[in-house]
Amino acid sequence: MFNGLHSSPANLSRLTNAVSRSISPENFDGAKGKGGMATEGSASAAARELGQGWKVNPYLVVEGGSTCVLADVKGQGAIKHIWITDGSPVNRALVLRIYWEDNDKPSVETPLGDFFASADCLQYRQLTSMPVCVNPKRAFNCYWEMPFRKKCRMTVENIYTEDIAVFYQIDYVLDEVPEDCAYFHAQFRRSNPLPYKTVHTILDGISGRGQYVGTYMAWGVNNNGWWGEGEIKFYIDGDGEFPTVCGTGTEDYFCGAY
């Protein structure tokens with residue numbers, strides 16, 4: 001039987017034993033047959049003439065200085081899709097964290113907007129790609145497949161002083177995870193400003209087997225002439241002064257040119 005974790009347009013005809021589940025403020029634990037059951041919630045007044053089953057609790061309110069659990073999944077499977085949008089009044093007010101299995105340290109820890117390739121998440125800029133999409137009105141979408149073997153926990157922290165409304169939906173499947181599936185990791189780094197002739201480290205401290213899957217970078221320029229390009233360098237498995245992979249410029253690394 002085909003494993004349901006690795007679905008794509010090329011294998012949609014393959015049958016699988018995977019089961020689909022979805023978490024939202026209307027169904028916090030993704031339970032089967034329990035979607036849209038809220039009778040009270042964040043939009044009770046707006047849904048007063050529609051009643052149960054009609055967007056009674058479409059968002060949660062994350063109080064200033066607090067952390068809310070978006071998902072707490074137990075079992076074996078994979079996150080397949082995340083949709084989220086929020087009412088942040090300032091940039092980088094929310095921090096997204098994802099924990100795999102019993103780890104008390106997150107494998108993903110980034111500002112919410114930066115995770116979805118939007119450093120200035122208050123200014124809508126459409127983005128269309130296979131793993132991440134930003135759609136009209138600041139709708140963040142992530143299609144990275146993120147497998148787990150026992151549990152997955154996802155949180156959002158509001159580091160701002162005011163309360164922030166968060167709309168979200170997390171789609172996942174439960175199925176056996178192959179032994180060669182790795183865990184998804186992401187981290188955030190910022191240099192502001194980056195001193196003259198100084199290297200900005202994108203990623204470091206990674207050990208073990210794995211695959212580097214990509215970078216999102218936002219760049220502010222403090223010069224009215226040369227924008228300060230730099231080569232992207234990959235130091236792999238014990239490289240010393242010189243890297244194994246060295247590009248010809250940041251614009252080239254992102255598939256552009258001069």
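Helices (H or I, at least four residues) and strands (E, at least two) are DSSP runs, numbered from the N terminus. By this numbering, Trp219 is placed in the loop between strand 13 and strand 14 (233-234).

## Basis of the model

This is a predicted model, in which local features need pLDDT of at least 70 and side-chain atom pairs count only at pLDDT 80 or more, while totals for chains, interfaces and linings use all residues. Residues are numbered from 1 along each chain as its sequence is written, and side-chain values use heavy atoms, with hydrogens and water left out.

## Strand pairing

Two strands are taken to pair if DSSP finds at least two bridges between them. An open sheet of 5 strands shows mixed pairing and has the order 3-11-5-6-13. Its edge strands are strand 3 (67-74) and strand 13 (186-187), each of which pairs on one side only. Trp100 stands opposite Cys152 of strand 11.

Val134 takes part in both pairings: Val134 is the bridge partner of Leu127, and the partner of Val134 in strand 9 is Phe140.

## Salt bridges

A salt bridge is a side-chain nitrogen of Lys or Arg within 4 Å of a carboxyl oxygen of Asp or Glu. By this rule, the count is 9 salt bridges. Accessibility is described as buried (under 20% relative accessible area), exposed (over 50%) or partly exposed (in between), with a 1.4 Å probe and protein chains only. Asp86 forms a salt bridge with Arg138, with the closest N and O atoms 3.4 Å apart. Asp86 lies in strand 4 (residues 77-86) and Arg138 in the loop between strand 8 and strand 9, so the pair ties together parts that are 52 residues apart in sequence. Both Asp86 and Arg138 are buried.

Arg92 and Asp114 form another salt bridge, the closest N and O atoms being 2.9 Å apart. Because Arg92 is in the loop between strand 4 and strand 5 and Asp114 is in helix 1 (residues 112-115), this pair ties together parts that are 22 residues apart in sequence. Arg92 is partly exposed, at 24% relative accessible area, whereas Asp114 is buried at 11%. In the salt bridge of Asp102 with Lys150, the closest N and O atoms are 2.7 Å apart. Asp102 lies in the loop between strand 5 and strand 6 (108-111) and Lys150 in the loop between strand 10 (146-148) and strand 11, so parts 48 residues apart in sequence are tied together. Asp102 counts as exposed at 52% relative accessibility, and Lys150 is partly exposed at 47%. Salt bridges that share partners also join Arg97, Glu109 and Glu157 into one network.

## A buried aspartate without a salt bridge

Asp175 is located in the loop between strand 12 (164-174) and strand 13. Asp175 is buried but has no salt bridge, and the nearest side chain of opposite charge is Lys80, 9.4 Å away. For charge, Lys and Arg count as positive and Asp and Glu as negative, whereas His and the chain ends are not counted.

Contact means heavy atoms within 4.5 Å. Not counting residues up to four places away in sequence, Asp175 touches Asn3, Gly4, Leu5, Thr16, Ala18, Gln76 and Gly77.

Trp219, Val221, Trp226 and Trp227 form a nonpolar patch on the surface, with about 440 Å² of accessible area together. Patches are made of residues with over 30% relative accessible area and no salt bridge, like charges being joined within 9 Å and nonpolar side chains (Val, Leu, Ile, Met, Phe, Trp, Tyr) within 5 Å. Accessible areas come from the Shrake-Rupley method with a 1.4 Å probe, and for residues only the protein chains shown count as cover. Trp219 is partly exposed, with a relative accessible area of 38%.

Asp239 lies in the loop between strand 14 and strand 15 (245-246) and is partly exposed at 26% relative accessibility. Leaving aside neighbours within four places in sequence, Asp239 is in contact with Phe234 and Thr244. The C-alpha atoms of Asp239 and Gly205 are separated by 13 Å, and these residues are 34 residues apart along the chain.
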